[in-house]
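Thanks for coming. I have one chain to go through today, and I will take it from the overall fold down to single residues.

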Amino acid sequence: MSRALDASLFALLAVLWGFSFPAISIGLEHLPPLLFAAARYDIAAALLLAAAIVRVDKWRPTARNDLAAVAGGGIFLIAGNGLLFLGQQTVPSGVAAILQGLIPIITALWAIPLLGERLSPLGAVGAAIGFLGVGLVVQPDPGNLLAGDTAA
């Protein structure tokens, strides 16, 4: 692929990903959160399965590692995205998007004590910049940390 195509696809992905949070807010006005999340991911799963059947010879998970990956991915999808839809009932879509953006940073930090991994100096700078960026956007008020929507 050319760099221009890569950049265009990345920009399209960023726009579509960014629109997903307002779309969730709109959908939650009409559907219960877990039903809406399930419908969204069922449609995506059906499309992904169809693409896999067409493009890959061995698309069906058969090995033990494959089945563990499917089960683990399913648990994280249900927990992470199901809770996202539940929380977004009371949290604005912009806040939800920002908090969702923290996941790679927090994952890198949790990998240190849980997996014994180390952040490179560049990775540590990246994590710090990520936290600062979120702080600048959110501008949290310490007096509101336990306010009504904190749990969501």
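How much of the chain is helix and how much is strand over residues 67–87? That stretch is 100% helix and 0% strand, and its end C-alpha atoms are 29 Å apart. Helices here (H or I, at least four residues) and strands (E, at least two) are DSSP runs, numbered from the N terminus.

Before going further, the ground rules. This is a predicted model, where local features need pLDDT of at least 70 and side-chain atom pairs count only at pLDDT 80 or more, while totals for chains, interfaces and linings use all residues. Residues are numbered from 1 along each chain as its sequence is written, and side-chain values use heavy atoms, with hydrogens and water left out.

Now the whole chain. There are six helices and zero strands, in the order α-α-α-α-α-α. Of the 152 residues, 15% are buried, where buried means under 20% relative accessible area, exposed over 50%, and partly exposed in between (1.4 Å probe, protein chains only). The chain exposes about 11500 Å², with carbon and sulfur atoms supplying 72% of it; areas come from the Shrake-Rupley method with a 1.4 Å probe, and for residues only the protein chains shown count as cover. Taking contact as heavy atoms within 4.5 Å, 62% of the contacts between residues at least 6 apart in sequence join residues at least 24 apart.

The UniProt record, an unreviewed entry, places "transmembrane region" at residues 35–55, 67–87, 93–112 and 119–138. Positions are in the numbering used here, feature names are shortened, and such annotations may be inferred rather than shown by experiment. Residues 35–55 are 100% helix and 0% strand, with end C-alpha atoms 30 Å apart.

Helix 2 (residues 33–55) has 23 residues and reaches 33 Å from first to last C-alpha, close to the 33 Å expected at 1.5 Å a residue. The expected span is 1.5 Å times one less than the number of residues. Its buried residues are Pro33, Phe36 and Ala37, and their cover includes helix 1 (3–27) and helix 3 (64–87).

Helix 3 has 24 residues and reaches 34 Å, close to the expected 34 Å. Asn81, Gly82, Leu84, Phe85 and Gly87 are buried in helix 3; what covers them includes helix 1, helix 2 and helix 4 (93–101).

Leu102 sits in the loop between helix 4 and helix 5. Is Leu102 buried or exposed? Leu102 counts as buried because its relative accessibility is 10%. Leaving aside neighbours within four places in sequence, Leu102 is in contact with Phe131 and Val134. Leu102 and Ala127, 25 residues apart in sequence, are 9.4 Å apart in space, C-alpha to C-alpha.

Last, the surface. Ile106, Leu109, Trp110, Ile112, Leu114, Leu115, Leu119 and Phe131 form a nonpolar patch with about 750 Å² of accessible area together. Patches are made of residues with over 30% relative accessible area and no salt bridge, joining like charges within 9 Å and nonpolar side chains (Val, Leu, Ile, Met, Phe, Trp, Tyr) within 5 Å. A salt bridge is a side-chain nitrogen of Lys or Arg within 4 Å of a carboxyl oxygen of Asp or Glu. Helix 5 (residues 103–115) gives the most to the patch, six residues. Leu115, in helix 5, counts as exposed because its relative accessibility is 61%.
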